[in-house]
Amino acid sequence: MARTRQRWLPALLIPFALAIAVLFGSVQAGATVSLPPKTAEEILAMIARTGGRAVSGTVEETAELGLPEVPTSGPGIAPGAVSALEFLTGSHTARVYVDGPLRARLQVLDQMAERDVVINGGDAWFYNSRDNSATHLTAPAKPTVPEKYEPRMLPPDMSAPDMSAPDMPTPEAMASRFLAAVDASTEVTASESSTVAGRSAYSLVLNPRSTETLVDSVTIDVDSETGLPLGVEVRANGQAEPAYSLAYTQLDLSTPDAELFNFTAPPGATVTEKVLPVKPVPTMAMPSTPVPDPAVAEPEVRGPGASVTGKGWDSVISLPAGSAPAELTSNPQLSQALQPVGGGRALTTSLLSVLILDDGRVYAGMVPLERLQSAAAAQ
């Protein structure tokens with residue numbers, strides 16, 4: 001179970017850690033429909049069989065976390081900046097296209113503007129129409145490995161950067177993060193069927209058995225024909241409306257046109273070119289020493305020096321001083337949402353708490369702030 005402890009966190013921590021704005025979203029469920037009954041186990045099996053299919057559609061995101069609206073302009077905020085924090089408040093609409101692990105496109109539809117993230121093999125583009133700016137990332141070729149080393153002898157992170165498409169803000173990607181961590185701390189049940197994006201859907205409900213987490217439940221609407229997650233809704237304790245919801249309002253299950261993944265910066269755009277650095281392959285003094293089997297390896301971490309305490313929904317992830325992402329420590333929008341607390345600053349929402357201490361340590365979890373403060377005091 002150790003490898004699953006931290007997986008409850010990424011679905012709500014990603015907005016703080018990524019350079020691109022990752023949406024989470026809104027379930028637009030319709031009236032109850034009549035479907036042949038299925039157990040929770042049967043619905044889970046449907047989801048498992050549908051992984052990785054090509055999709056395109058429109059997703060609607062709504063975040064009701066109790067945060068004030070996040071400014072998109074002002075002192076210290078760069079023109080046209082894409083801040084993940086802004087997607088933690090209000091509602092947003094985006095078009096999503098996914099074709100396998102190497103091709104994806106996200107179009108965030110702002111008022112009178114558009115932001116695009118396009119990933120196609122070894123290329124990634126980030127474009128903002130508001131100031132006609134673009135950043136182009138390319139991945140270098142993988143480094144040459146001396147023939148005397150067996151492939152399994154190389155640590156998995158000693159290679160060129162992974163340019164496979166990150167989790168696009170689809171209900172499938174969000175649902176997979178919660179389902180990957182289902183264990184004894186969660187009760188999984190089937191609920192009433194409904195309609196999402198005009199398609200009939202089964203509903204799967206995850207209820208934490210913990211009394212310490214801020215999360216009341218997670219509901220996943222699953223397409224009755226394909227098993228594709230169509231919507232995800234996260235409810236917080238003591239809150240009438242969903243705290244987070246994401247769902248398709250339009251859905252096309254055919255393969256997207258390949259031209260959608262070919263991006264060319266518009267005329268006059270300011271283009272910044274960046275090549276991702278190759279991760280160094282270290283000198284291996286003892287090539288006969290095997291790399292630990294991933295199946296029994298130590299729990300994965302979310303960054304250099306990160307650690308996880310607690311289990312399941314009560315997990316707290318901590319980052320030592322100097323290792324927190326810049327999006328956490330220097331984001332001017334985040335600074336405006338933080339409140340002063342003893343020894344640092346904190347972001348408290350209905351689903352997630354983040355504690356940033358004056359000494360640079362960071363703690364986060366889907367737990368009350370007091371639990372983070374206790375974890376910090378114990379270290």
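Q: Where does alanine 197 lie, in terms of strands 7 and 8?
A: Keep in mind that this is a predicted model, where local features need pLDDT of at least 70, side-chain atom pairs count only at pLDDT 80 or more, and totals for chains, interfaces and linings use all residues. Residues are numbered from 1 along each chain as its sequence is written, and side-chain values use heavy atoms, with hydrogens and water left out. Strands here are DSSP runs of E with at least two residues, numbered from the N terminus. Strand 7 covers 186-196 and strand 8 covers 199-208, and alanine 197 sits in the loop between strand 7 and strand 8.

Q: What phi does alanine 197 have?
A: Most residues other than glycine have a negative phi. Alanine 197 isn't a glycine, yet its phi is positive, at about 50°.

Q: Which loop holds asparagine 132?
A: Asparagine 132 is another non-glycine with a positive phi, about 50°. Its loop is the one between strand 5 (123-128) and strand 6 (133-138).

Q: Which residues have the most contacts inside the largest nonpolar core?
A: A nonpolar core is a set of buried Ala, Val, Leu, Ile, Met, Phe, Trp, Tyr and Cys residues joined through side-chain atoms within 4.5 Å. The largest one here has 58 residues, and the most contacts inside it belong to Val218, Ile220, Val234 and Leu351.

Q: How many residues are in the second, separate core?
A: Its members include Val316, Ala346, Leu355 and Leu372. This second core has 11 residues.

Q: Why is strand 17 largely enclosed by the rest of the structure?
A: Look at both faces: Ser353, Leu355 and Leu357 are buried on one side, and Val354 and Ile356 are buried on the other. Strand 17 (residues 353-357) is largely enclosed because five of its five residues are buried.

Q: Which residue stands opposite isoleucine 356 in strand 16?
A: Two strands pair if DSSP finds at least two bridges between them. Strand 16 (residues 344-348) and strand 17 run antiparallel, joined by five bridges, with a hairpin of four residues linking them. The residue opposite isoleucine 356 is arginine 345.

Q: Which residue takes a positive phi in the hairpin of strand 17 and strand 18?
A: Those strands pair in the antiparallel sense over four bridges, with strand 18 at residues 362-365, and isoleucine 356 stands opposite valine 362. Four residues lie between the strands in this hairpin, and the one with a positive phi, near 100°, is glycine 360.

Definitions and conventions. Buried means under 20% relative accessible area, exposed over 50%, partly exposed in between (1.4 Å probe, protein chains only).
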